[in-house]
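Dear colleague,

Please find below the structure that I am handing over to you, together with its sequence. My findings follow directly after it.

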Amino acid sequence: MNHPVNKIPPAVWVLGFVSLLMDVSSELIHSLLPVFMTTVLGVSALTIGLIEGAAEATALIVKVFSGVLSDWWGKRKPLAILGYGLGAISKPLFALAGGAGLVVAARLIDRLGKGIRGAPRDALVADIAPPGIRGASFGLRQSLDTIGAFLGPLLAMGLMLAWANDFRAVFWVAIIPALLAVALLFFGVQEPERHQDEKRVNPISRENLRRLTGDYWWVVGIGAVFTLARFSEAFLVLRAAQGGLPVAFTPLVLIGLNVIYAVSAYPFGKLSDSVSHRQLLAWGLGVLIAADVALAYSNHWAWVWAGISLWGLHMGVTQGLLATMVADTAPADLRGTAYGFFNLVSGLAMLVASALAGLLWDSFGASFTFVAGAGFGTLALLAIVLHAARRPAA
């Protein structure tokens, strides 16, 4: 029997490298953008928060509609190309920005593209990957995506050092991997053929929504509670700074986290094809709770880095797994819609979680924020145990 990585269809590999290239491009900019906006453009922290909030809200809303459209149309690839294309178009605007207005436009276009491509791309992976190696396929795509998430900040740091902190020159470089991502998707992925005689129906009609079973909505709900326990990674950066990490090296937090995430995503995705999904999800939650506890009870750098490492491991265990569980519990012709709703609910939970984390941080201190995260993680773990007690293992 061949190793599963050898069985994964070439198109899944290509989609993974498309994600890697676009993440390199995006993180080249996003790892520097807050500092660029405050030091070069003179934008306030409040304005940055409003820009980021509006951008993320745009992505959340669009995710549902793009998933539904891909199901109605019966095609995923054109929407994915449109989404990645908008991401590429946004990159020059950051380099050209002379004020907050063009940055707002660039962020909204970038997030619009992310919203358009997310659900159709995940549905395309599910369409292409055989069911027996679906977990490994999602894990591989996530690993490659996450490699881009730490290569981008690394490249940004190197170019800033080489070019004497020339933000705009670095932003121009980001155009190259973005255009390569679009070209690779266009030429490298063949979408599976659909039956041409199938009648187009409304994916969000009452009849079709009834086909999204209780098992699917349970995955959506547990994914949202997971997110409440995890909140924004910006709080990890703040915690590391409290632990004594110099400000210039704070990008290392996300680099370190994403290295662990990238290394662990494929092995755990492969494992999910042969073990109980609920059991693996519970283990992932246990790792997240341990991360929250480590981050809550020590300001020492060693404990902070232990918490960040566990956080990355938790992401590797759970993110591809949740994507696989959505594919397994949704009808094939409604996968785009299913990913759209899953991403919307998880994204809204992220907004709530991050706002709550910030409120707790300001009101009670950093430790309380991570204690609350551990509490939400415990609630999610309890929900998994109760669900397992009522149903056979899946």
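In this predicted model, the side chains of Asp127 and Arg76 meet in a salt bridge, at 2.9 Å from N to O. Asp127 lies in helix α6 (residues 100-128) and Arg76 in the loop between α4 and α5 (77-96), so the pair ties together parts that are 51 residues apart in sequence. Arg76 is buried, with a relative accessible area of 0%, whereas Asp127 is partly exposed at 22%.

A further salt bridge joins the side chains of Asp333 and Arg211 (2.8 Å, N to O). Since Asp333 lies in the loop between α15 (301-329) and α16, and Arg211 in the loop between α10 (206-210) and α11 (214-230), this pair ties together parts that are 122 residues apart in sequence. Asp333 is partly exposed, at 32% relative accessibility, and Arg211 is likewise partly exposed, at 34%.

On the surface, Leu69, Trp72 and Trp73 form a nonpolar patch with about 270 Å² of accessible area together. Trp73 lies in helix α4 (residues 45-73) and is partly exposed, at 32% relative accessibility.

With kind regards

Methods. Residues are numbered from 1 along each chain as its sequence is written. This is a predicted model: local features need pLDDT of at least 70, side-chain atom pairs count only at pLDDT 80 or more; totals for chains, interfaces and linings use all residues. Side-chain values use heavy atoms; hydrogens and water are left out. Patches are made of residues with over 30% relative accessible area and no salt bridge: like charges are joined within 9 Å, nonpolar side chains (Val, Leu, Ile, Met, Phe, Trp, Tyr) within 5 Å. Accessible areas come from the Shrake-Rupley method with a 1.4 Å probe; for residues, only the protein chains shown count as cover. A salt bridge is a side-chain nitrogen of Lys or Arg within 4 Å of a carboxyl oxygen of Asp or Glu. Helices (H or I, at least four residues) and strands (E, at least two) are DSSP runs, numbered from the N terminus. Buried means under 20% relative accessible area, exposed over 50%, partly exposed in between (1.4 Å probe, protein chains only).
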